[in-house]
Amino acid sequence: MKANVEIVIGFLGSGKTSFINSMLKREKSQNGTIVVIQDEFGDCEIQDNLNNQNQIVVIKVDKNKEINENYITEIVSKHAPNRIFIEINGMKDSTNIINIFDAKKIKRICRIDNIINTIDTTSFNMYFRNMKSIISTHIFNSETIILNNVDELDKKELLNIQKEIENINETTDILRHVCITDDEISNKKEYVKTKRCSLQFFNTFLYSGFVLFLLIFLITMSTLNIKISSAYLDIFKKFYDVFISILIQGFPFILIGSFVSSIIQICISRDTFIKLFSKNSFLSCVIAAFSGLLFPICDCGTIPVVKGLMKKNIPISAGITFMLAAPIVNPIAIIATLYAFPGMVSVVIYRLAAGILISVLVGLIMQFTTKKDEEILKNNSDIDVCDCGFCDDKHDYSKSKLQKIKAIFAHAGDEFFNIGKYMIIGTFLSSIFQSMVFINGNIYIYNDSRISLLIMILLSFLLSVCSTSDAFVAKGFLKIFPINSILGFLVVGPMLDVKNTMMLFGSFKKKFVLKLIFTIILVSFSILINCKLT
């Protein structure tokens, strides 16, 4: 018979030993052996006389030893336990202990029944601020979380802690250790399951239902032959056509970007990136600027790739430079620009030169204006440790190919759906703008290069055309705007538009995104206004 293993994690003083004692007291199996492995020792001790029906064996891990496969195998062979409790040192990586039980040799003799994380709510906020990565890993790995000392907090503080936990692990069971008043026994403490304070599932269901309804409604309306209010129906059909076309163009690139991001996260170590990118910020930016030649993805797909790079702690300047330059140096975008502007090779050269220069400058500015330890990724993005076993830089990159492929697909799926929802919102807004904007030859534009350049930058932002096809749209403005202003559409559009902005706000901190937008506009205008393209 396999031994059931319960792993108990948490910081010193969080109540791990007290929880194990309460479990030992409740254990009902007879003539069995329970082994308690302690890798951390606090003020409270395991009480081996709580249960007369079972033999309780307490094993304290020697400081010179580590819990590994051989250690577990020896204990099971010697004591033949029915149940094993493992109390893990709070400062150690719980993932390493949990992964031991994935080994074939261990699976034959025991299995994990539960992973419990005990949390002292009175000290949670302090630990979370100072040791966020360790706390997040413990929470992420947990199947059950015990909240201790909840009576010392008010309701609002407790709900905030619960919300932080649910942001990291949406599926864990959260129990509060609270006092229950009884007729016979007063101040009796019990573990009470909490109600979920978030409506994550409901929101996801509502969001998915709305998108599905919207798509069905748009398809139905576009196929109907209605004569009433035909002018409005034409606008509606145009909106539908634009909306669907942008999604069809953008989703494949987001999918490619999600897979590239996952491959970077799973298959390439941080040391490799350190060797790839020079310590010199400028050289790193130059390398990143031309990396887009190797990754033929448009502006929609660069954001998930950059998130993957940021998780590997590459320089911010290199990541931002790649995100801004990749859509412009994309070979498909270069060829499309050549076809859209036949006989005007200078347009392609100026687009590439201005795009690379702006990308490098913006990257360097963002690098030097961002604090060294400042977090720029949002909370749902900055936890790069999960149960796939590959996200930790300490893991063994020689694991089986099948495991890597599974992890890549799992990460790519999460990344695609996380970015995709912001892509849909941005596409919806962009489609409204494209349906309402009508440019014709009767529009009068002031003979001012600054105004015309600002107008084209604004149009590139609102229309949100994919970088692989924006050259054909830009060509239509040649009769109205000078070629120098058209360059603003071709250069700034791939860097900044409605759908990309929504995706940026979904992936990065608000302060960082606002600073990035301001820097892009300022640097782009300063450089493009001085371009004299003829």
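A residue is called buried when its relative accessible area is under 20%. By that criterion, helix H6, which spans residues 132-141, holds the buried residues Ile-135, Ser-136, Thr-137, His-138, Ile-139 and Asn-141. The cover over these buried residues of H6 includes strand S1, helix H3 (94-100), strand S5 (110-120), helix H5 (124-130), strand S6 (144-148) and helix H7 (155-168). The model described here is a predicted one.

**The chain as a whole**

The protein chain contains 21 helices and eight strands. Of its 534 residues, 50% count as buried. Among contacts between residues at least 6 apart in sequence, 78% join residues at least 24 apart. The chain exposes about 27,500 Å², and carbon and sulfur atoms supply 59% of that area.

**Strand S1 and Ile-9**

Ile-9 lies in strand S1. Its relative accessibility is 0%, and Ile-9 therefore counts as buried. Apart from neighbours within four places in sequence, Ile-9 is in contact with several residues, among them Lys-16, Ile-88, Ser-94, Ile-115, Asn-117 and His-138. His-138 is also one of the buried residues of H6. Ile-9 and Asp-93 are separated by 84 residues in sequence, while their C-alpha atoms are 9.7 Å apart in space.

**Salt bridges**

Side chains of opposite charge can pair when their charged atoms come close. The count of salt bridges comes to three, and they are listed below.

| Salt bridge | Closest N and O atoms |
|---|---|
| Glu-6 with Arg-83 | 2.1 Å |
| Lys-92 with Asp-39 | 2.8 Å |
| Lys-92 with Glu-66 | 3.8 Å |

Glu-6 forms a salt bridge with Arg-83. Glu-6 belongs to strand S1 and Arg-83 to strand S4 (residues 83-87), so this pair ties together parts that are 77 residues apart in sequence. Both Glu-6 and Arg-83 are buried.

Lys-92 forms a salt bridge with Asp-39. This pair links the loop between S4 and H3, where Lys-92 is found, to the loop between strand S2 (32-38) and strand S3 (54-60), where Asp-39 is found, 53 residues apart. Asp-39 is buried, with a relative accessible area of 10%, whereas Lys-92 is partly exposed at 28%. Asp-39, Glu-66 and Lys-92 are linked in a network of salt bridges.

**A positive patch on the surface**

Lys-2, Lys-104, Lys-105, Lys-107, Arg-108 and Arg-111 gather in a patch of positive charge on the surface. Helix H4 (residues 104-107) gives the most to this patch, with three residues. Lys-2 is located in the segment before strand S1 (3-9), and with a relative accessibility of 38% Lys-2 counts as partly exposed.

Terms used: Residues numbered from 1 in each chain as written. Predicted model: local features only at pLDDT ≥ 70, side-chain atom pairs only at ≥ 80, totals over all residues. Heavy atoms only, no water. Patch = residues over 30% accessible without salt bridge, like charges linked within 9 Å, V, L, I, M, F, W, Y side chains within 5 Å. Areas by Shrake-Rupley, 256 points an atom, 1.4 Å probe, with all protein chains shown as cover. Salt bridge = Lys/Arg side-chain N within 4 Å of Asp/Glu carboxyl O. Lys, Arg positive; Asp, Glu negative; His and termini not counted. Charge placed at Lys NZ, Arg CZ, Asp CG, Glu CD. Helix = DSSP H or I, 4+ residues; strand = E, 2+ residues; numbered from the N terminus. Buried < 20%, exposed > 50% of the residue type's maximum accessible area, 1.4 Å probe, protein only. Contact = heavy atoms within 4.5 Å.
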